[in-house]
Amino acid sequence: MKEKYTIAKDGFVGYWHPSDKHKGKALVVFPGSGADYDMTYKGSQFLRKAGWSCLLVAFAGWDGLPEDPVLAPVEYAERAVKALMDNGYEKVGFYGISAGAKYAVTAASLLPEVSLVISASPFDYTTEAFKGTKALNQSTFSFRGKPLPYDPTVTLHRNIISVLFRTAFNKKYGIRRMLRGCYQENVQTEKARIKVENMHADLLMQCPGYDDCWPSDEAVPRMKEILRKAGYPYRVQATVYQKGSHLLCGDLSKSPKYLKTMRKLLQAEYADQAACNKARKDSMKEALVFLEGWK
C-alpha cells in the first residue's frame with residue numbers, strides 16, 4: 001500500500017494508516033460533510049488505536065475535489081477497495097459519519113465485495129447536489145459514469161432567505177434545527193432510495209433520538225425494516241442514542257473548535273453537552289465491539 005493516493009495517479013484521494021492487528025481486514029473511512037483530512041484522521045483514531053488498518057478516502061473537499069459532492073463517483077470507493085484487496089486485505093469494510101455514512105451505504109449497495117459497514121447518522125435517499133445555497137439540478141453521486149437517481153432539494157428551489165426565516169421561527173424546528181426543517185420539505189421517491197438490501201455486508205447503523213441535521217432517526221429504522229422484510233442474511237444492528245446528536249461515532253474531543261461551533265448550531269449539543277459526549281463515547285465503543293464480530 002502507498003501512504004497517499006491521488007486522483008491523477010490512482011483515481012481516488014486516500015491516505016493509508018496501517019496497523020499490525022486484524023490481519024487481512026481493513027476499513028475505508030469516509031469523512032463527514034466539511035471534515036478535512038486532519039479532522040477525519042483525529043476523529044477515526046479510536047479505530048486505529050484498536051488495531052484496525054484504515055484508508056481515509058474523500059469523495060469531496062480534499063486535494064482539489066469539489067467542496068460539495070456533485071456527481072461524486074462511487075468509483076472512488078471501488079478503487080480504494082481494489083487497492084486494499086490487491087495488497088492482501090481479503091475483508092474490506094466501510095466506516096462513515098453523516099454524509100460519509102450516506103456515501104458508505106450507497107457504495108456498499110453497489111459493491112458486493114464490501115463485507116461490513118458502520119454508518120453513523122446516515123440518510124437513505126440520494127439527494128440533489130448543491131453549491132452553497134444554489135441547487136445544481138444534478139445528483140450528489142454517480143456510478144459507471146451515470147448519475148444516481150436523486151430527489152430534488154426542494155428548499156433550494158425556493159427563496160432560501162424566506163425558507164430559513166420561516167424555519168427558524170417554526171416552533172418545531174427553530175434556529176438550531178433549520179437544516180432538519182429544510183430536509184423535511186423533500187419528497188422522497190423510490191427511485192432515489194439507496195437499495196441497502198443489495199448489500200453483502202454486516203451493518204451497524206446509529207442515530208440520535210432526534211437528528212437536528214437530517215432525518216437519520218427516520219432513516220435508520222426504515223432501513224432496518226426493509227432489511228428485515230428482505231430476509232437480509234447478514235448481521236444488522238441499529239442503535240438509537242436518545243440523548244445523542246447527529247455527531248456520533250467519532251472522537252471530537254480532538255477538534256474542540258469544531259465542537260464549540262456545533263454546540264451553537266445543533267439543539268441537542270446546545271441542550272445537553274454531557275449527554276452528547278456520552279453518546280459519542282458509547283457509539284464508538286459499540287462500533288469496536290461490532291468490528292470484533294466481523295468474520
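Biologist: Of the 295 residues of the protein, how many percent count as buried?

Modeller: This is a predicted model, with local features needing pLDDT of at least 70, side-chain atom pairs counting only at pLDDT 80 or more, and totals for chains, interfaces and linings using all residues. Residues are numbered from 1 along each chain as its sequence is written, and side-chain values use heavy atoms, leaving out hydrogens and water. Buried means under 20% relative accessible area, exposed over 50%, and partly exposed in between (1.4 Å probe, protein chains only). Among the 295 residues, the share that counts as buried is 54%.

Biologist: What radius of gyration does the protein have?

Modeller: This radius is taken over C-alpha atoms, and the globule rule is 2.2 Å times the number of residues to the power 0.38. For 295 residues, a compact globule would come out near 19 Å, and the protein agrees with that at 18 Å.

Biologist: Which residues have the most contacts inside the largest nonpolar core?

Modeller: A nonpolar core is a set of buried Ala, Val, Leu, Ile, Met, Phe, Trp, Tyr and Cys residues joined through side-chain atoms within 4.5 Å. In soluble globular proteins, nonpolar side chains tend to be buried together. Here the largest core has 77 residues, and those with the most contacts inside it are Phe30, Phe59, Phe94, Val117 and Ile118.

Biologist: How many residues are in the other core, the one with Ala35 and Leu252?

Modeller: That core lies apart from the largest one, and its members include Leu259 and Leu266. Its residue count is eight.

Biologist: Which side chain makes a polar contact with the side chain of aspartate 202?

Modeller: A polar contact is a pair of N or O atoms within 3.5 Å; within protein, one must be able to donate a hydrogen and the other to accept it, and residues adjacent in sequence count only if both atoms are side-chain atoms. For aspartate 202, the contact is 3.0 Å, and the partner is arginine 235.

Biologist: How many disulfides does a search of the whole structure find?

Modeller: A disulfide is a pair of cysteine sulfur atoms within 2.5 Å. The sulfur of cysteine 54 is 11 Å from its closest cysteine sulfur, in cysteine 249, so it is too far for a bond. Likewise, cysteine 276 has its closest cysteine sulfur 11 Å away, in cysteine 213, again too far for a bond. The number of disulfides found is zero.
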